[in-house]
Amino acid sequence: MYRILVSDSMSADGLQPMLAAENVEVVQKKASEAADELHTFHALLVRSATKVTDELIGKMPSLKIIARAGVGIDNIDLDAATKHGVVVINAPDGNTISTAEHTFAMMTSLLRHIPQANVSVKSNEWNRTAYVGTELYGKTLGIVGLGRIGTEIAKRAQAFGVNVLVFDPFLTRDRAAKISVKSASLDELLEQADIITVHTPLTKETRGLIGAKSLPKTKKGVYLLNCARGGIIDEEAVIPFLENGHIAGLALDVFEIEPPVNHPLLKYDNVIATPHLGASTKEAQLNVAAQVAQDVLHFLDGKMVTTSVNLPTLTKEVFEKIQPFYKLAKKMGNVVSQCMKEPVNDISIKYEGSVAELETSFITKSLIAGFLTPRVASNVNEVNAGMIAKERGISFSEKITSNQSGYANCITVAIHGDQTTFEIKGTHIPHYGERIVGINSFNIDFYPSGHLIYIQHTDKPGVIGRVGRILGDHEVNIATMQVGRKNAGGEAIMMLSFDRSLDESLLTTLSEIDDIVSIRAIEL
Ligand SMILES: NC(=O)c1ccc[n+]([C@@H]2O[C@H](COP(=O)([O-])OP(=O)(O)OC[C@H]3O[C@@H](n4cnc5c(N)ncnc54)[C@H](O)[C@@H]3O)[C@@H](O)[C@H]2O)c1
Ligand SMILES: O=C(O)CC[C@@H](O)C(=O)O
């Protein structure tokens, strides 16, 4: 008999298969109210209210699986779950339509002042001149992040006669054409959009994406919406733009800190807000609850789950053999993803030597997971990487050969984008570790870890010296440095590692050195 704790409110209809199952007992109460029986539960189901911390997981030694009925797993300490050997699953698409519809409702409400007019009529006013609105028809909507939700918004906007402009650095031309949207740079979107809505995960890159630097580039009278995650639109930075009338309206379903208490933005008449209601429909709640209930039952029954966000599903013996290559592949995927920022259509992977005899499909998934991690909202691992790549229109293939190109084992990954191809080679040397031994046909040898920068430059006297001097002037210590070139005076590369990450302004200064072609920061 398995015991399952449902700690947040969830659709009873969605949970029905679980409630009806014979071999499980379902307890519906908050984890904080189940202190004396926490140790007895094998599964924990949550939405966003329960904070699944290391401490809580530590008190649940029988726990095998945590299920998030929704997309974002910000409330779950994933590392702690993994550390405790607990599988975490989510329901990535059950609330997509509801969130897209909510965003659309917020957009029309914002442009037609519906929340304000409703309050006014209920206060016995009949003020028709105060609430003159703006049509959506013919306007340009800028969508930042064209994933599941962004795509559904684009489709709905097109039906309203709205021009859709998209900024998503990972959007391929093929996918943009399929959805009939125009791809733009962030600056183009900021300059041209009448309305901007954000649908990215909250990451290092997207935190404050719409903020002090980008807001001056927007049109006067712009409307902004955030129904994704608090912080993508910088809550403090918008204030002067609301004060001076540059922003015509702002709609928020999410906040940096939820619930917001005495939040300064809430005093503005042209700011409308909802309490994180994107996924709050009967249908979405039914979908996400049904999806996780089914998956938890499958998992407890010893079957494979398809939406796991943390753990691989291999036997211990197989996993031990492939572990060094699986770790190397994940880093290689991450390195190429950060080196080549353009949209990617295809990833081809070649295995040579001893690694070719192992379970390469799992290593491939690990590499794809490493590649996707900097680019998507959901946590990607070996279990869901293939599915997410397919969703994003990225194909991948493996080639296996017993040939040895100078190494006992070698993995080569080539990433094909709209414009270019980027290739790296890696190997694992027993008792020495993982090494990247080739980049775009340059021979090189570095340990893929920590804070790195990759520089493409022309092989000329003084370039390396100038890089060193600028770093020294900024008191940045170079930990290791590798250089590579094909012939004297031709193309060359450098890979440098540091004890800390370099800030954006220093990277810009380095990129201004004559003969430097490009610089990429890599964080591993
Ligand atoms: N308000 C709610 O109740 C609610 C409900 C569901 C999801 N969400 C949130 O909505 C957001 C989108 O969810 P989704 O399911 O569409 O995710 P998704 O992973 O399908 O899409 C995210 C998109 O963002 C793009 N992206 C990543 N980094 C970017 C960057 N720096 N600049 C521009 N684009 C970038 C990715 O390429 C991807 O296409 C997430 O933050 C999710 O947590 C909110
Ligand atoms: O559970 C909710 O209502 C919030 C869901 C949403 O933010 C998500 O990430 O899926």
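Author: The model shown is predicted. Ligand 1 is surrounded by 27 residues, and the closest are R148, I149, D168, T200 and R392. By kind, the shell around ligand 1 holds 11 nonpolar, nine polar and seven charged residues.

Some contacts of ligand 1 involve the protein backbone. I149, one of the closest residues, has a polar backbone atom 2.9 Å from an oxygen atom of ligand 1. For G147, the distance between a polar backbone atom and an oxygen atom of ligand 1 is 3.2 Å. A polar backbone atom of A279 is 3.3 Å from an oxygen atom of ligand 1. On its own, ligand 1 would expose 870 Å², of which the protein buries 96%.

Next comes a residue described by its own contact. Q338 belongs to helix α11, which covers residues 316-339. Its relative accessible area is 10%, so Q338 is buried, the cut-off for that being under 20%. A polar atom of the Q338 side chain lies 2.9 Å from the backbone nitrogen of E523.

I464, M481 and V483 make a nonpolar surface patch of about 230 Å². Of these residues, V483 sits in strand β20, residues 478-485. V483 counts as partly exposed because its relative accessibility is 44%, and that class lies between the 20% limit for buried and the 50% limit for exposed.

Conventions
Residues are numbered from 1 along each chain as its sequence is written. Chains are lettered from A and ligands numbered from 1 in the order in which they are written. This is a predicted model: local features need pLDDT of at least 70, side-chain atom pairs count only at pLDDT 80 or more; totals for chains, interfaces and linings use all residues. Side-chain values use heavy atoms; hydrogens and water are left out. Patches are made of residues with over 30% relative accessible area and no salt bridge: like charges are joined within 9 Å, nonpolar side chains (Val, Leu, Ile, Met, Phe, Trp, Tyr) within 5 Å. Accessible areas come from the Shrake-Rupley method with a 1.4 Å probe; for residues, only the protein chains shown count as cover. A salt bridge is a side-chain nitrogen of Lys or Arg within 4 Å of a carboxyl oxygen of Asp or Glu. Helices (H or I, at least four residues) and strands (E, at least two) are DSSP runs, numbered from the N terminus. Buried means under 20% relative accessible area, exposed over 50%, partly exposed in between (1.4 Å probe, protein chains only). A residue is near a molecule or strand if one of its heavy atoms lies within 4 Å of it. A polar contact is a pair of N or O atoms within 3.5 Å; within protein, one must be able to donate a hydrogen and the other to accept it, and residues adjacent in sequence count only if both atoms are side-chain atoms. Ala, Val, Leu, Ile, Met, Phe, Trp, Tyr, Cys and Pro count as nonpolar, Asp, Glu, Lys and Arg as charged, and the others, Gly among them, as polar.
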